[in-house]
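Here's a quick briefing to read alongside the model. Take a look at the structure first, then we'll go through it topic by topic.

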Amino acid sequence: MILPTPQADNVYNVFRDSPLRYCGYANEVGESFRYQYPKLVTPSYIVAFGYCLADAASTGYAIISQEDIKFNNSTRSKETRAAIATFDTLLWQSETP
């Protein structure tokens, strides 16, 4: 039996549920215009990496700011859960094409 995740599925995440999510693909736009506008490439990567870091930081902050309750009989501390969630988000963002 699969237990539900600690966070409800209907929680609004500005980084994934709004048009802001397209900032993660800004580097693709920059690369597509590399030969026409070469100065656009570096800022597009800054936007894309900034989006990924902000998403990961907000995920970690959401775990830290939760009340201290145990999920699924977890013995991990809040800080450990936040670090795992932050790393998981960074890993997920780095794998997304």
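Does Arg16 count as buried, exposed or partly exposed? This is a predicted model, and in it Arg16 comes out as partly exposed, at 35% relative accessibility.

**Salt bridges**
- The count comes to 2 salt bridges.
- One of them joins the side chains of Arg16 and Asp55, at 3.5 Å from N to O. Arg16 sits in the segment before α1 and Asp55 in helix α2, so this pair ties together parts that are 39 residues apart in sequence.
- Asp55 is buried, with a relative accessible area of 0%.
- Glu31 and Arg34 also meet through their side chains in a salt bridge, at 2.8 Å from N to O. Glu31 is partly exposed at 28% relative accessibility, and Arg34 is partly exposed at 33%.

**Asn27 in α1**
- You'll find Asn27 in helix α1, which covers residues 26–32.
- Asn27 is buried, with a relative accessible area of 14%.
- Beyond its neighbours within four places in sequence, Asn27 is in contact with Ser44, Tyr45 and Ala48.

**Helix α3**
- Helix α3 takes in residues 78–95, 18 residues in total, and reaches 26 Å from its first C-alpha to its last, close to the 26 Å expected.
- Its buried residues are Lys78, Arg81, Ala82, Ala85, Thr89 and Gln93. They cover an arc of only 100° around the axis, which puts them on the same side of α3.
- Helix α2 (41–64) is part of what covers these buried residues of α3.
- On the face turned away from the buried side, α3 carries the exposed residues Glu79, Phe87, Ser94 and Glu95.

Technical notes. Residues are numbered from 1 along each chain as its sequence is written. This is a predicted model: local features need pLDDT of at least 70, side-chain atom pairs count only at pLDDT 80 or more; totals for chains, interfaces and linings use all residues. Side-chain values use heavy atoms; hydrogens and water are left out. Helices (H or I, at least four residues) and strands (E, at least two) are DSSP runs, numbered from the N terminus. The expected span of a helix is 1.5 Å times one less than its number of residues. Buried means under 20% relative accessible area, exposed over 50%, partly exposed in between (1.4 Å probe, protein chains only). The arc is that of the directions from the helix axis to the C-beta atoms. Contact means heavy atoms within 4.5 Å. A salt bridge is a side-chain nitrogen of Lys or Arg within 4 Å of a carboxyl oxygen of Asp or Glu.
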